[in-house]
Amino acid sequence: MLKYIVKRLAYAILVLLGVSLIIYFLTRLMPIDFVKNKVVSVQTSGATVDQEMVDAMYEAYGLTANASFGDILQGYLNWLGDLVRFDLGTSFKYGIPVTEKIAMHMGTSFIIALIATVFEFMIAIPLGITAATHQYSLRDYVVTILVMIGISLPSFFFGNILKDWLAYDLGWFPPLGLTDATMDHSGFSLILDYGRHVFIPILTVVVLSIGARMRMTRTNMLEVMNSDYIRTARAKGLKERVVINKHAFRNTLIPLVTSLAGLLPSLFSGAIITEQVFDLPGIGNIALQAMNAGDIPFIMGYNMFLAVLSVIGVLLADLMYAIVDPRVKLE
Amino acid sequence: MAKENSNKGYLSGKEIRAIAKSNAKEMKRLEAYKNRRCPESEFLSQMADDDNILEIQDLHTFFFTEQGVVKAVNGVSYDVPKNSVVGVVGESGCGKSVTSMSVMRLIQGPTGQIVDGSIRFKSNEYVLDGKGQPIPDGDGGYRMEEKVYDIAKMPMREIHRIRGKQVAMIFQEPMTSLNPVFTIGQQLDEVTLLHMPGATKQIAKEKSEDMLRLVGIIPENVYNAFPHELSGGMRQRVMIAMALAAEPRLIIADEPTTALDVTIQAQILDLLQDIKNKIDGSILLITHDLGVIAEMADYVVVMYAGKVIEKGTVLEIFQDPRHPYTIGLQKSKPTMTLDDDTELYNIPGNVPNPIDMPSHCYFKERCSMCTKKCSGEYPGMVQVSPTHFVACHLYDEETAHG
């Protein structure tokens, strides 16, 4: 097992090297120029910018060496050298180290995604099982139609509807942000205030994500319920409840648990659109702003961060497989 | 039911909707019947012959498909006497497995339903006191009583009285019939824990190990193994051990050797033979292998297209087959004495479409002994000896004689 993990981690380094190469060249190819953006914004405010100042800015941000392929390659190697020392550089836009910025905003996104994922699984799995064990019944159709509506709604649309209804019309929850600026909270009431602010965003994410998970559970459960060993379990004289909750559920769990590990990157990546709608200072929101500004170090750092999480997620999924399915042996 | 259609094989939209509508109605009615609550008296019954352990009478099991109603079992009657092996033969799709699944009530609803008929089973149960606990008989065991249930009328919530404890089943596919995520031990223990009053984990483990030894497995190697670590033959032995664990009165073996290679087949059959002598029960052996029947069975039931066409003792069926289909079956057996250039006999033609069964004898189109009468109605059962029955117009006179 340990040998397997070490081998997989060695492969992971190769994969990440390839990923970093692709990210770096794609980012350098982006038709967005941080300095040009900045110059334009200064000019629109009425001030004049002379060429000398622009050149100085290019020099300051290290964007001068764009002349030849060799320069770009040199830039990649420099960046890679910093990366192995866990230094992702300093963000153009935010002016602080990228790692610091990511760490600062990761928590908000992570908490929201974690709570949403827990609710997603807690709601979707029982729904999927009940839809499967009552296949083609009224219950199955109602559940399927409701979750299909959930899948089909775009998050900006559904998020805004919920915001309009629960925050503006009913006034039960604050519409925007993560904290209440007008009040000074501490201790438990601070947590309560956070909770009130993230309620609608979490509700949005949960409703939109239940569908896929429920369909997955239903399909798996149906496949398991039609298998020969379920017939054997019934033939033993076990009650239907035991057949479903013990024999069938344990087998349905295999792909679900595995998919859970694969969710790792999405726990940290932030919900870009939902965070925009509710103006939450999550990492998705921050990353989108950085992207618009052409903040090369942040974009590179953020994408590398997600790539590392994806690789770890895939490895975790494989390890989970070996734990829940006795037929799988890792070597 | 599909009507006679000029462009055969195709159904119009209107016909499909009509089928769906009538199917939905029937399935709903039968599902409600299956899930009803009722007092025990509603499914208690009486045996016609007290020497039998199982009496299937006029059983109809249908599948309500989108193309129409498939009458997989269409008026099947046969008995399983105490301490005997009854072999059921017939080609694929003749309804022999569906009959046995009906006895276990394992027909997959809502499409598959027992529509009519009775399955009377003499069960041997613990006498329960007011609290639902078995009463000790002062002799180390518990007081037992015999009750006759009509399994076809039992609601699903009561079916656990029969399954596993009274009737156990060995399935055709040992490779897929064990749950892949539980160990052999866990799956075996479950049976004892479920059916033996007052069983603890320790008792269950001992019982499971005994059962494994009985089927020729050294328990130390297998008890903690997962199913995928065993071969097909070993898994079938485990299935047999599992079936035996609750000491059932009737074991249904549904093609227990079909999925196994020939050398293992012989071992499994020997094992079943052995077990038959050890347990005080009966075996209902379902197979399409006449050799297996000849070796194992006391009585033989021959099925064709959802009906029983001939039944009798094993000697009667093998030495004096009466129905043209049974005669054909006997002829199509390969023998060692066959000349090199003689081709193996086969019965010409195919089974009629199960959705669209004719009203005359189902075997008429393939029969070489047809008479005029065969175009008439479906032949009734004719008794040719005290134990030998055949459904064929050729023997109609014999009833008239006696």
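How many residues does the contact take from chain B, and how many from chain A? It takes 21 residues from chain B and 18 residues from chain A. This is a predicted model. Chain A has 14 helices and 0 strands, while 8 strands of chain B form an open sheet.

**Chain A as a whole**

- Read from the N terminus, the elements of chain A are α-α-α-α-α-α-α-α-α-α-α-α-α-α.
- The C-alpha trace of chain A spans about 85 × 55 × 40 Å along its principal axes.
- Chain A has 331 residues, and 29% of them are buried.
- Take the contacts in chain A with a separation of 6 or more: 71% of them come from residues 24 or more positions apart.

**The sheet in chain B**

- The strand order is β6-β7-β8-β3-β9-β10-β12-β11 in chain B, and the pairing is mixed.
- β6 (167-170) and β11 (382-385) of chain B stand at the edges. Each has a single partner strand, so one side of each is left without a neighbour in the sheet.
- From one strand to the next, the twist averages 20 degrees.
- In general, strands of a sheet pair through backbone hydrogen bonds, either parallel or antiparallel.
- β11(B) and β12 (residues 388-390) of chain B run antiparallel, joined by 3 bridges.
- B:Q383 has B:F389 in β12(B) as its bridge partner.
- Helix α6 (residues 232-244) of chain B lies across β6 and β7 (250-254) of chain B. The angle between α6(B) and β6(B) is about 175 degrees.

**Where the chains touch**

- On the side of chain B that touches chain A, helix α3 (residues 184-195) of chain B gives the most, with 4 residues.
- The residues on that side of chain B divide into 10 nonpolar, 7 polar and 4 charged.

**Helix α9 of chain A**

- Why is helix α9 (residues 228-235) of chain A described as largely enclosed by the rest of the structure? Because 6 of its 8 residues are buried.
- The buried residues in α9(A) are A:Y229, A:R231, A:T232, A:A233, A:R234 and A:A235.
- These buried residues of α9(A) pack against α10 (240-262) of chain A. They also pack against α2 (96-104) and β6 of chain B.
- Just after α9(A) comes A:G237, with a positive phi of about 105 degrees.

Notes:
Residues numbered from 1 in each chain as written. Chains lettered and ligands numbered in written order. Predicted model: local features only at pLDDT ≥ 70, side-chain atom pairs only at ≥ 80, totals over all residues. Helix = DSSP H or I, 4+ residues; strand = E, 2+ residues; numbered from the N terminus. Buried ≥ 20, exposed ≤ 12 C-beta atoms within 10 Å, placed from the backbone. Contact = placed C-beta atoms within 7 Å. Pairing = 2+ DSSP bridges. Axes fitted to C-alpha atoms, helices over the stretch in contact; angles between N-to-C directions. Nonpolar A, V, L, I, M, F, W, Y, C, P; charged D, E, K, R; others polar.
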